[in-house]
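Morning, everyone. Please look at the screen while I talk.

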Amino acid sequence: SIMQAVLDWTVQAVLAAEQAHQAQTRAERKYIVTEFIKHILAQKNISLSDEELNTLIEAAVMQMNANK
């Protein structure tokens, strides 16, 4: 499904931000992930609200933390 694909992209973006930007704050990493996912969504012509995107990012972070 589209939402599963978006979640997969979000998980990958969160992992990349964690690895590449460890010195930055959580808010800065979240901003990087948000902008990256918004860019992908725009390219794919997928519309999500900021609230939906925030929920996906939080789910991706929770998934990543559960896999540690």
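I'll cover confidence, then a helix pair, then a pocket.

This is a predicted model, where local features need pLDDT of at least 70, side-chain atom pairs count only at pLDDT 80 or more, and totals for chains, interfaces and linings use all residues. Residues are numbered from 1 along each chain as its sequence is written, and side-chain values use heavy atoms, with hydrogens and water left out.

Confidence. pLDDT is the predictor's confidence in each residue, from 0 to 100. The chain's mean is 87, and 97% of its residues reach 70 or more. Helices here are DSSP runs (H or I, at least four residues), numbered from the N terminus.

Now the pair. The axes of α1 and α2 come within 9 Å. They cross at roughly 145 degrees. Axes are lines fitted to C-alpha atoms over the stretch in contact, and angles run from 0 to 180 degrees between N-to-C directions. Which residues meet? On α1, they include W9 and A13; on α2, F36 and I40 are among them. Contact means heavy atoms within 4.5 Å.

Last, the largest pocket. A pocket is an open set of points on a 1 Å grid where a 1.4 Å probe fits, with protein on both sides within 12 Å along at least five of seven lines; lining residues have an atom within 4 Å of a point. Among the lining residues are V14, R29 and M64. Which element gives the most to this lining? α3 does, with 5 residues.

Technical notes: Helix = DSSP H or I, 4+ residues; strand = E, 2+ residues; numbered from the N terminus.
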